[in-house]
Amino acid sequence: MKKTTKTILKKKGVEKIAMITAYDAMFAKLADSADVDIILVGDSVGNTVLGYDSTIPVTIDMMVHHTSAVARAKPNALILADLPFACAHYSFDKLLDTCKRLVQEGGADAIKIEGGVEIADKIAKLTRAGIAVMGHIGLEPQQVLKLGGYRKFGKSEDEKKRIIDDAKALEQAGVFTVLMEMTDADCASEITKLLNVPTIGIGSGSGCDGQVLVCADILGLTENPPSFVKQYAKIGKEIVDAYSQYVTEVRNGQFPAK
Ligand code: KIV
């Protein structure tokens, strides 16, 4: 059965939410076969698949392209698409048009937006317009140019208070979930207890209502995954072994068989 924002909201305190990224129909089908709750078409497509160093170069056209590929797999999982770099700071009309593209052309069921208090008023207007929004706070990878790198958030009392304020403002704005990335585990647990909507963590400890990981990290396709990642397979090695065997067999005439 198709999973909706209602399915996800009802899981809070009942069952943990499992979310995985996918960027095309093939991997969306595989994730859906594992009964994942949410497929995230993350802007991590930039560094995972498209060869960029970060998510910054990812455009709305790229996001629509990859989201529509995932949607063509017709997954039961809720399809969540990332709003790319800086788009949350457009004028509201342009922001709404951008979100409309992800929903109408891309087939997204919901949109994930990085940012807290500073964009809460715009998120409130988006949710009133009928867009389902997941907030994304703690480490916001789209801030990497300003930050000068990636790091953990919410360790100091000041930063913890700011993240709690962000989470509360997003809930008030009508988001159906809040994602916390690289957030101090105690801070993430406290926020999970404070909010009525579910929280999803990545590198933020076990106290969240759900977890998300990048598909390539889970599968062993990335060379240097972040330290919080658990690798559930080593598919990268299997692919290289299979390709090598094919190359050898083509060269020595074993394939195709006579
Ligand atoms: O783009 C992405 O994959 C993400 C996850 C890291 C949460 O935003």
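Predicted model: local features only at pLDDT ≥ 70, side-chain atom pairs only at ≥ 80, totals over all residues.

Visitor: How do the residues lining the largest pocket divide by class?

Guide: The lining has 13 nonpolar, 9 polar and 7 charged residues.

Visitor: And what is the volume of the largest pocket?

Guide: The volume is about 660 Å³.

Visitor: Which residues lie nearest the centre of the largest pocket?

Guide: They are Asn47, Glu181, Val214, Asp217 and Pro226, out of 29 lining residues.

Visitor: Which helices and strands each supply at least two residues of that lining?

Guide: One helix, H3 (45–48), does so, along with strands S4 (110–114), S6 (177–181) and S8 (210–213).

Visitor: Turning to the ligand, where does it sit?

Guide: The ligand sits in the largest pocket.

Visitor: Which residues come nearest to the ligand?

Guide: Gly42, Asp43, Ser44, Asp82 and Lys112 come nearest, among the 13 residues around the ligand. By class, this shell consists of 5 nonpolar, 4 polar and 4 charged residues.

Visitor: What is the distance from the side chain of Ser44 to an oxygen atom of the ligand?

Guide: An N or O atom in the Ser44 side chain is 2.5 Å from a ligand oxygen. For Lys112, a polar side-chain atom lies 2.7 Å from an oxygen atom of the ligand. Asp43 also has a polar side-chain atom 3.0 Å from a ligand oxygen.

Visitor: How much of the ligand's accessible area does the protein cover?

Guide: On its own the ligand has 260 Å² of accessible area, and the protein covers 95% of that.

Visitor: Now the second largest pocket, please. How much space lies in it?

Guide: About 300 Å³. The second largest pocket is lined by 13 residues, and Gly138, Glu140, Lys146, Phe153 and Asp166 are the closest to its centre.

Visitor: Which elements give two or more residues to that lining?

Guide: Strand S5 (133–138), helix H7 (144–147) and helix H8 (157–173) do. The largest share comes from H8, with 4 residues.

Visitor: And how does the lining of the second largest pocket divide by class?

Guide: There are 7 charged, 4 nonpolar and 2 polar residues in the lining of the second largest pocket.

Methods: Residues numbered from 1 in each chain as written. Heavy atoms only, no water. 1 Å grid on protein atoms, 1.4 Å probe; cavity = no way out; pocket = protein on both sides within 12 Å on 5 of 7 lines; lining within 4 Å. Points joined across faces, edges and corners; volume = space filled by probe spheres on them. Nonpolar A, V, L, I, M, F, W, Y, C, P; charged D, E, K, R; others polar. Near = heavy atom within 4 Å. Polar contact = N/O pair within 3.5 Å; in protein donor to acceptor, adjacent residues only side chain to side chain. Areas by Shrake-Rupley, 256 points an atom, 1.4 Å probe, with all protein chains shown as cover. Sits in = over half its atoms within 2 Å of the grid points.
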